[in-house]
Amino acid sequence: MAFDPELATQAYMATLKGAARAKSDAYFEGGYWLILAEFLVTLVANLIVLRLGWAARLSRWARSKAGPLLAAFLFAVPYLLLITIITAPYVLYTDFFREHAYGLSNQGFAEWGGEQLIFIAVDTLLAALLWMGVHAAIRHFPRNWWLGGAGLTIGVMMVTITLAPVYLDPLFNDYTPLPDGPVKTEVLKLARANGVPADNVYLVDASRQSDRISANVKGLFGTTRIALNDNLMKQDIHEIRSVMAHELGHYVLNHMWKLIITVALLIAVSLAVVAVGTPWLLTRFGGRWGIEGMADPGVLPALTLVISLVFFLGTPITNSMIRVQEQEADVFGLNAARAPDGFARIAMKLSQYRKIEPSPLEEVIFFDHPSGHTRVITAMRWKAEHLDASDIK
Ligand SMILES: [Zn+2]
C-alpha cells in the first residue's frame, strides 16, 4: 500500500487523546484569554496610576530633583515598580500558580520569586534608560520623535539580544559546552554540514524551571550561539537531531536579522500611532490626570495605554511573523536531519502544552509556532517525497 501523508498524520494525531488532549487544549486556549486579560490588566494598572494622581506626583518629584533628561529616568523607575506591584497578583497567577496547576513547572516559590526579582531589576533598568532616550527625542523633536524613538528602541533591543547570552541568560541558567557523546557527534555533524561554527553549540539546564523540551538560537554579532536544553537531551537521538536541525535553520536563514528589521518597522508604525494617540488622550484627560503634555515625563503611563492597545491589536501580526519563520525552520530542519518521524514524535511531545489541532484562523491569530498537526503533516509530506531514500529516520 502506498504511503499516505494524511493517514500517517491521523495516526499520529490519534496518539494524543482523552484527558491528555483536553488538558493541553485547555491550557493553550486559556492562553487566548490571557492575551486579553494582560491587556486589560495593563490598562487598569496605568489608569490607577493616572487617576489617583500618582503619575503627576512622581513627575513633580522627579522634575524637582533633576534636569529634564534625568527626570525621565527618575520618573520611570518608581512608576515601573508601581506597575509591577499592581500587576503582581496577575503575574503570580499566570506564571506561577497556573503553570503549577497544569504540572508545567519544576520550581518552588522561593526560586521562582528570586528569578522574578532579577528579571524585574533588569527590565526596569533597561526600560527606564529607554524612556530617558525616548523622552529626550519627544522634547527635542516634538513632531518626528517617533522615528528617533523607534531607532532607540531597536538599538536597546539589539544591545540586549547581543549581551543576553553572555550577561543575562547565565543569571537564570547554566550554559555549558555540549558534553562528549553520541549527541555531540550528531549535532556537530549537522552543524558542520550546514555551515554553522561548531563551537556555538551549548547545553542549558532548563529542567530547573520545567520539563519543556526546547532549544534556541540567541545572540548577535560574536555572541550568537545555539543551545539545546537538558530535557531535549533525554529524547531519542533522531528527535534531538530533528530539533537541532530546526535551530540550525534559524541560524542559517538569518532569522534573527530578518526579525529585527520587521520588528523595527512595526515599532516605527506603533510609535507613529502613539505620537497621534497620546496627545489625543491628553487633551481629554490630561487635566484630570495632572499630566501637563508630551514634555512632561509623567506622560509615560498615558503613552503606555496607547501602545498596549496597538500591541494587543497587533498580536496576530507578530504571532504570524514568528510562526512563518518557524515553519521555514521546520522545512530546513527536515531537509537537514532527514528524520520526519523523529520530528513528528517531537511535535507530539510539544503538543502536551500547545493545542494540537486548531482551526486555520485560530492558528493564524494565536500561534507563534506551527501547531502539532501542521508540523506532523509537514513532516509526513516530506517523508512521502523521500520514500526511496534509505537514510530516513
Ligand atoms: Zn524555532
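**Strand pairs, salt bridges, zinc and a pocket**

Colleague: Which residue in β4 is the bridge partner of V217?

Modeller: This is a predicted model, in which local features need pLDDT of at least 70 and side-chain atom pairs count only at pLDDT 80 or more, whereas totals for chains, interfaces and linings use all residues. Residues are numbered from 1 along each chain as its sequence is written, and side-chain values use heavy atoms, with hydrogens and water left out. Helices (H or I, at least four residues) and strands (E, at least two) are DSSP runs numbered from the N terminus, and two strands pair if DSSP finds at least two bridges between them. Strands β3 and β4 (residues 225-229) pair in the antiparallel sense over 4 bridges, and the β4 partner of V217 is I226.

Colleague: Which residue in the turn of the hairpin has a positive phi?

Modeller: The hairpin is formed by β3 and β4, with 6 residues between them. A positive phi of about 95° belongs to a residue in the turn, G219.

Colleague: How many residues apart are K218 and D169?

Modeller: A salt bridge is a side-chain nitrogen of Lys or Arg within 4 Å of a carboxyl oxygen of Asp or Glu. K218, which is partly exposed at 30% relative accessibility, and D169, which is buried at 10%, meet in such a contact, with 3.4 Å from N to O. The pair links distant parts of the chain, since K218 lies in strand β3 (residues 215-218) and D169 in the loop between α6 (145-168) and β1 (175-177), and the separation is 49 residues.

Colleague: Why does the pair of R21 and E357 tie together parts that are apart in sequence?

Modeller: The closest N and O atoms of this salt bridge are 2.8 Å apart. R21 lies in helix α2 (residues 18-51) and E357 in the loop between α13 (340-350) and α14 (360-366), so the separation in sequence is 336 residues.

Colleague: Are D341 and K383 buried or exposed?

Modeller: Their side chains form a salt bridge at 2.7 Å, N to O. The two residues are 42 apart, D341 in helix α13 and K383 in helix α15 (residues 372-384), and both are buried.

Colleague: What spacing do the donors of the zinc ion follow along the chain?

Modeller: Donors are N, O and S atoms within 2.8 Å of the metal (3.2 Å for Na, K and Ca), and water is not among the atoms, so sites may look incomplete. Here H246 (NE2), H250 (NE2) and E326 (OE) coordinate the zinc ion at 2.0 to 2.1 Å. H246, at 5% relative accessibility, is buried, as is E326 at 8%. Along the chain the donors give H-x3-H-x75-E.

Colleague: How many residues of the lining of the second largest pocket are charged?

Modeller: For this lining, Ala, Val, Leu, Ile, Met, Phe, Trp, Tyr, Cys and Pro count as nonpolar, Asp, Glu, Lys and Arg as charged, and the others, Gly among them, as polar. The residues divide into 6 nonpolar and 3 polar, with the charged ones numbering 4.

Terms used:
Buried < 20%, exposed > 50% of the residue type's maximum accessible area, 1.4 Å probe, protein only.
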